[in-house]
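The following note is intended for a colleague who is new to this structure.

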Amino acid sequence: MKILYFASLKENLNTASEEVDIKTQTSVKQLREILINKHGQHHFPDNILCAVNQVIATNSLIIQPTDEIAFYPPVTGG
């Protein structure tokens, strides 16, 4: 499964994307936990957003292997 990273998350992880091998049915929350274990909690605070197929996803959404997954910090403006 390809995971895309944007904005400061992309800069902090030093990568725009990565492949994650998910073999079982996985929720957004479970995927976050996998990524936190890999990269650290400080990269995935509660305000990091997840989009599945370009739609903001809740933690309970079940991810399919063909889904496009993206994580990005909330957008601020001024």
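1. A51 stands opposite I56 in β5. In β7, A51 has A70 as its bridge partner. Strands here are DSSP runs (E, at least two residues), and helices are DSSP runs of H or I with at least four, numbered from the N terminus.

2. The model is predicted: local features need pLDDT of at least 70, side-chain atom pairs count only at pLDDT 80 or more, and totals for chains, interfaces and linings use all residues. Residues are numbered from 1 along each chain as its sequence is written, and side-chain values use heavy atoms, leaving out hydrogens and water.

3. Strand β4 pairs (at least two DSSP bridges between the strands) in the antiparallel sense with β7 over four bridges. With β5 (residues 55-56), β4 also pairs in the antiparallel sense, over two bridges. β4 and β5 form a hairpin with two residues between them, and N53 in the turn has a positive phi of about 55°.

4. Along the sequence, the pattern is β-α-β-β-α-β-β-β-β, which comes to two helices and seven strands.

5. Beyond its neighbours within four places in sequence, L35 is in contact (heavy atoms within 4.5 Å) with I3, Y5, E18, V20, G40, F44 and F71.
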